[in-house]
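User: I would like the labels used for this structure set against their definitions. Please take the helix packing and the nonpolar cores.

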Amino acid sequence: MDWLPAHVLPKWLLLVGVIAALNGVQNTLKPRFSHKVYASKEGVHQATPLAARLFGLWNLTSAMVRVYAAYNMSERGAYVLCLGTFVIACFHFVSELLYFGTLAAAVGSISPILVASSSIVAMVRQYSYYVGK
């Protein structure tokens, strides 16, 4: 499979990029999927159809950055932008969970936090390997 990146981190970025793209299309076309993520502790669905479509477009945008970075890991700009997508996602989901209360602690809302936070750790730790100082 010559089209796959050679190392684990770029393969991970490709995987989460593809998943983000699929999720983006899904949320743009069928906004009800956002209800699985954005349900408050009281079980109230917080995502309007407009918010779900915006969430979908965010996912498509972050997917493009992540897939590009997966194939261009030595480009500082691509690497930093990709890392930034995870920082923004982590901040968003953690703040919605802990501060705004629009997320319940459930699989649909915890999994993006785990993906984003573990990706941040991996990208920060491996920065010098891919980009240098």
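This is a predicted model: local features need pLDDT of at least 70, side-chain atom pairs count only at pLDDT 80 or more; totals for chains, interfaces and linings use all residues.

Analyst: Residues are numbered from 1 along each chain as its sequence is written, and side-chain values use heavy atoms, with hydrogens and water left out.

User: Why is helix 1 called roughly antiparallel to helix 5?

Analyst: Helix 1 (residues 8-29) and helix 5 (residues 107-125) pack at about 150 degrees, with axes 11 Å apart. Angles over 145 degrees count as roughly antiparallel, so helix 1 is roughly antiparallel to helix 5. The angle runs from 0 to 180 degrees between N-to-C directions, with axes fitted to C-alpha atoms over the stretch in contact.

User: Which residues of helix 1 and helix 5 meet?

Analyst: Leu9, Trp12, Leu13 and Val16 in helix 1 meet Val115, Ser119, Ala122 and Met123 in helix 5, where contact means heavy atoms within 4.5 Å. These residues divide into seven nonpolar, one polar and no charged.

User: What makes a set of residues a nonpolar core?

Analyst: The residues must be buried Ala, Val, Leu, Ile, Met, Phe, Trp, Tyr or Cys, joined through side-chain atoms within 4.5 Å; buried means under 20% relative accessible area (1.4 Å probe, protein chains only). The largest such core has 18 residues, and Leu9, Leu13 and Met123 are among those with the most contacts inside it. Helix 4 gives the most to this core, with seven residues. A second, separate core of eight residues includes Phe55, Phe93, Leu103 and Ile113.

Terms used:
Helices (H or I, at least four residues) and strands (E, at least two) are DSSP runs, numbered from the N terminus. Angles under 35 degrees count as roughly parallel, over 145 as roughly antiparallel, 65 to 115 as roughly perpendicular and the rest as oblique. Ala, Val, Leu, Ile, Met, Phe, Trp, Tyr, Cys and Pro count as nonpolar, Asp, Glu, Lys and Arg as charged, and the others, Gly among them, as polar. Buried means under 20% relative accessible area, exposed over 50%, partly exposed in between (1.4 Å probe, protein chains only).
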